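Here is a quick tour for anyone opening this structure for the first time. Take a look at it, then read on.

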Amino acid sequence: MNVTIKTLGVAAVLGLAATPALAQEKVKIGLLLTLSGPSAVLGQQARDGFQLAVKDLGGKLGGRDVEVIVVDDELKPDVAVTKVKGLLERDKVDFVVGPIFSNVAVAVHKPIVDSNTFYISSNAGPSNLAGKSCSPYFFATSYQNDQNHEVLGKVAQDRGYKKVYLLAPNYQAGKDALAGFKRHFKGEIIEESYVPLNNLDFQSELAKIASLKPDAIFTFMPGGMGVNLVKQYRAAGLADRIPFLSAFTVDESTLPAQQDAAIGMFGGSNWAPNLDTPQNKKFVADYEAAYNSVPGSYSMHAYDAALLIDSALKATGGKTDNKDALRAALKKADFKSLRGDFKIGANGFPVQDFYLVKAAKRPDGKFQTEIVEKVFDDYTDAYAKECAATN
Amino acid sequence: MTPTLLFVQSLNGLQFGLILFLIAAGLTLVFGVMDFINLAHGVQYMVGAYLMAAFSAWTGNFGWALLLALPSALAVGLLLEALVFRHLYDRDHLDQVLATFGVILFLNQGVKFVWGAAPLNVPAPEWLSGSVELADGLLYPVYRLAIIVAGLAVAALLYVLVNHTRVGMLVRAGASNAPMVSALGVNIRRLFMIVFGFGAMLAGFAGAMVAPILSVEPGMGDNILILAFVVIVIGGIGSIRGAFLAALMVGLVDTVGRSFAPNLLRLFLDPATASQTGRAVAPMLIYIFMAAILFFRPAGLFPAKR
């Protein structure tokens, strides 16, 4: 009896001693983003969004101090795997957040989930991670890649366009984009045109479009390609005659370069800076004050990723050792997303609303995308049913 | 395939070819005269575009920006020559490739450090920003016509410089036998410097001209460098005339081929296979074209060395 009391006493003392120590130990988060090369601006948006969230939460996630380790994947899957292994084995991070590009996401998926570390994608949503290769350690605060393209396909169908011209770069994501568009569009595809990746001059495509006179064009041209396409489309006089439907082509990362040329062009998104919720208004204002640029969905997803981690850690009392409890808390997603309606679906991907958005110039002279109409309500991706993992 | 479309695509090919020529002209001289492989030639094109973007934002005027960008591009070229390239002329090609590749990495990172990673925007001048209607509903931007005119004007100027001036004569002599020119008492180092600076300025001019229609971003010169090498290999190393013809051919083959390859294949394949094959074949066309030329003329169309 005496012994038991003594043991309890010791345990209590140890417990008392251990609790502050545990609280002081920082929760470690590895941010894996593309921060060099032509697409670096996307990674910068995500990094800034995440760090803004940490700042807004008082430098703590779920009551614990945070250490954010930022690494650059250089948009090279092999480099990304090496760096992720560093995060997992040397830094022993509790969460990996990122990346921007799907080829990187696929490459780092296995090392991360095999080490039983939670992997929060703040942008990339390749179909295999949503379907057959889904994992109980994977969550996304973004979308499944196809969904933004599906928005435009639905819009083209609903508006009764008969003939549509499709244009994409010749690589996997380009082909997926056009496949996503065709999921809801049932009209005629008069041309499915592929240009080499990093093609910058679209004049010959534009001449073809002008001669074929489609009811609309749909394109997926991320980064610098999109900047060029939009400017050249406007200069060729097509912008006022043939509606320009796009995904990842006209957004806050490209608008500073496209400027007036992009006004009135359409995109698909799960959010826009002018979405009317109090959290979002504050987020956009704070982001612009801190980084002097309009936030895009890359920033929003990263901000939400921080909120998601914060909410889960709050639910577990800051503990990360019980993976099942942490997973259940992540799955609950008990926080107010900047985009409003937000749930985590069975495959770890969000169930959320999608909008048709349009590029516009604000009264202060800056450019942003603005919501035109809601296209999908509480939309689940097409691959969720292929996911067998119970998460 | 309508005649109008073919015409417009030929214009596009011509414009692309002329931009290629501006870059290839300097590259072929540097390679031909100095026997120096300069992989960093593409970044000089990028530097030209960035200088244009910077001066255009500063002055708010296209003409002034171009006037300032050209001497600055020349200065950057001369600075690189003095700092890096001058020490490599006597080394073998592998050393040159390594060092100039290093310059690519350095400058790509450098422009990102100064201007950021996001693509920059350069407005076209007001009086060149409209379009002309070539056919019903087929608008062609005036600015692209201006590029064609400027490219042809530079080509004519180069023709006069190379064929009818003393410096041009030395350059031609240097391209066919540099040691002999040196032995005749010409300061070959100074000639190298002039050629190098001039080549850098031409590449910078190309970058400045395309800045309003393409996005100005880090690494923009890397892809075009490969095409410039294709051009000088087809044209014959060291030959301006060869570079001119080869650049126009590459521009036309690439643009027109990409546009019409699927249509041509459709004549003897079913539509689905034709577009699939056309898509695969179109990017290869210029390389097939190069292979064909080299099969018949292994030294290119107009080799400078005999």
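## Where the two chains meet

Keep in mind that this is a predicted model. Let's start with the contact between the chains: 30 residues of chain A are in contact with 31 residues of chain B.

## The annotated domain

UniProt, in an unreviewed entry, puts a domain called "Leucine-binding protein" at residues 26-360 of chain A. Along that stretch the chain is 42% helix and 20% strand, with 42 Å between the C-alpha atoms at its two ends.

## A six-stranded sheet

Chain A also has an open sheet built from six strands, which line up as β2-β3-β1-β4-β5-β6 with mixed pairing. The edges belong to β2 (60-61) and β6 (138-140) of chain A; each has a single partner strand, so one side of each has no neighbour in the sheet.

Now zoom in on β6(A) and its partner β5 (residues 118-121) of chain A: the two run parallel and are joined by three bridges. Here I120(A) sits opposite F139(A), which belongs to β6(A).

A helix packs on this sheet too: α4 (residues 102-114) of chain A touches β1 (27-33), β4 (95-97), β5 and β6 of chain A. The direction of α4 makes about 155 degrees with that of β5(A).

Note on methods
Residues are numbered from 1 along each chain as its sequence is written. Chains are lettered from A and ligands numbered from 1 in the order in which they are written. This is a predicted model: local features need pLDDT of at least 70, side-chain atom pairs count only at pLDDT 80 or more; totals for chains, interfaces and linings use all residues. UniProt positions are given in the numbering used here, feature names are shortened, and annotations may be inferred rather than shown by experiment. Helices (H or I, at least four residues) and strands (E, at least two) are DSSP runs, numbered from the N terminus. Two strands pair if DSSP finds at least two bridges between them. Two residues are in contact if their C-beta atoms, placed from the backbone, lie within 7 Å. Axes are lines fitted to C-alpha atoms, for helices over the stretch in contact, and angles run from 0 to 180 degrees between N-to-C directions.
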